[in-house]
Number of protein chains: 2
Amino acid sequence: MLVLMETQRAARGRARSEVSRQAVLAAATQIIGTDGYAALSIERIARESGVGKQTVYRWWPTKADVVMEALLHKVEVNIPIPDTGSLEADLRQFLTTSLRFGRMSQVVELLRALAAEAQLNPDFAERFRATFVDHRRAALTTILTRDEGRRPAPVRTSTLVDVVFGVIWYRLLILPTEFDDDLVTELVTLLTPTGDQ
Amino acid sequence: MLVLMETQRAARGRARSEVSRQAVLAAATQIIGTDGYAALSIERIARESGVGKQTVYRWWPTKADVVMEALLHKVEVNIPIPDTGSLEADLRQFLTTSLRFGRMSQVVELLRALAAEAQLNPDFAERFRATFVDHRRAALTTILTRDEGRRPAPVRTSTLVDVVFGVIWYRLLILPTEFDDDLVTELVTLLTPTGDQ
DNA sequence: TAAACATTACGAACCGTCTCGTATTGAATT
DNA sequence: AATTCAATACGAGACGGTTCGTAATGTTTA
């Protein structure tokens, strides 16, 4: 559900319209999908969702928050945390799933949009980190530290996490190249202690 | 110099004002430094540099191109390509210099601005890659392939480049953490063939 | 009856283009 | 050598258009 809290609230007056909420998220996703994030505006979200402009402003601080809420729903569906017993296998599966997610063209646009907005708006950057980035880091950290004793750790776990998400974000935001499946193997090679040491 | 070409041209008419060019770059840098990239507009660059609006539009396609020109000057000064004869030493020096550069607060703001604009404006993204990103990749690739025979390459050189710049950009754009010097050692450890294999 | 709703209007900021008169440059003409 | 001319850059600022975020209005619903 993601939203809500204020369990206390009196709930007097008219309740929030779930229909409007869904309509806003759908409209935003569709606008970005067809015309890109640059074409997204709250005016247009309101127009194309059939919702009042003030309603959007009432529930979301910025248009990027609308996008983030739309994206989070997709994340929750698509990326589980594997636990096969083998570090290599878990890592391979997590990376495969993540890269597949990062290949979905609708998703790429949303991720780019959020990263861009985070550069321009420090308040949103804070929410973005707390809500999205840390969630992803925690998942990978869980995998990497599961049998911690085994890895002699010349490299901090947090740095390994930086490497993985670094490559992913770099290729989403800076380079125009798509992910290929060899990348999974290469990353596992780099992250995994190679036998002897 | 960066500009010029058209060596052929008659050069009739008034010459471009170097004073105005410098004033524009300085004003842009200063606005971003104090109020952030979100506050940057061509109107304001013109106003605060004491330059006509049309003059800015004449020489730069977008405000991001102004920022990129300002940044490139800093890069050329600060990051040489080392050649000590040792892969490890070259790598260590390159990373140290690059991270030091990426710690300069003025620089961080400019890099963030360029990355953000590249997400929003595909035309600029093209110029950004061709002018800045590829330049940096080429430098690191030179180092990594200098004694190519020695590395058996279970991992493509281009992927290693992705890892390095991935971590750097990730920590500039997504995370709020600063670079520490241990990161250099860790990256060298990950990128360098560990003795036996 | 209170709060969310859709609608509409508003001022502020910035965009990109345009025009004005002036300044600077090289080439052509005296 | 002195003058004129054409080309181009310059600062200044007006222009119509767009989007922003907020506010005011009456309507609908729990």
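Which side chain makes a polar contact with the side chain of E186(B)? I looked this up first, and found that the partner is the side chain of T159(A), at 2.8 Å, where a polar contact is a pair of N or O atoms within 3.5 Å, and within protein one must be able to donate a hydrogen and the other to accept it, while residues adjacent in sequence count only if both atoms are side-chain atoms.

I noted that this is a predicted model, in which local features need pLDDT of at least 70 and side-chain atom pairs count only at pLDDT 80 or more, whereas totals for chains, interfaces and linings use all residues. Residues are numbered from 1 along each chain as its sequence is written, chains are lettered from A and ligands numbered from 1 in the order in which they are written, and side-chain values use heavy atoms, with hydrogens and water left out.

**Entry 1: E186(B)**

I placed E186(B) in helix α9 (residues 182–191) of chain B; helices (H or I, at least four residues) are DSSP runs, numbered from the N terminus. E186(B) is buried, with a relative accessible area of 5%, since buried means under 20% relative accessible area (1.4 Å probe, protein chains only). A polar atom of its side chain also lies 2.7 Å from the backbone nitrogen of R156(A). Leaving aside residues up to four places away in sequence, I found that E186(B) touches P154(A), V155(A), R156(A) and T159(A), with contact meaning heavy atoms within 4.5 Å.

**Entry 2: helix α5 of chain B**

I then checked helix α5(B), residues 87–101, whose end C-alpha atoms are 21 Å apart, in agreement with the 21 Å that its 15 residues should span at 1.5 Å a residue; the expected span is 1.5 Å times one less than the number of residues. Among its buried residues are L87(B), L91(B), F94(B) and L95(B), and what covers the buried residues of α5(B) includes α4, α6, α7, α8 and α9 of chain B. At the start of α5(B), a side-chain oxygen of S86(B) comes within 3.3 Å of the backbone nitrogen of E88(B).

**Entry 3: DNA strand C**

Around DNA strand C I found 26 residues, and the closest are T55(A), W59(A), K53(B), Q54(B) and Y57(B); a residue is near the strand if one of its heavy atoms lies within 4 Å of it. A phosphate oxygen of DNA strand C is 2.9 Å from a polar backbone atom of G52(A), and a base oxygen is 3.4 Å from a polar backbone atom of R14(B). I saw that α3(A) gives the most to the surface near DNA strand C, with four residues.

Notes: Helix = DSSP H or I, 4+ residues; strand = E, 2+ residues; numbered from the N terminus. Buried < 20%, exposed > 50% of the residue type's maximum accessible area, 1.4 Å probe, protein only.
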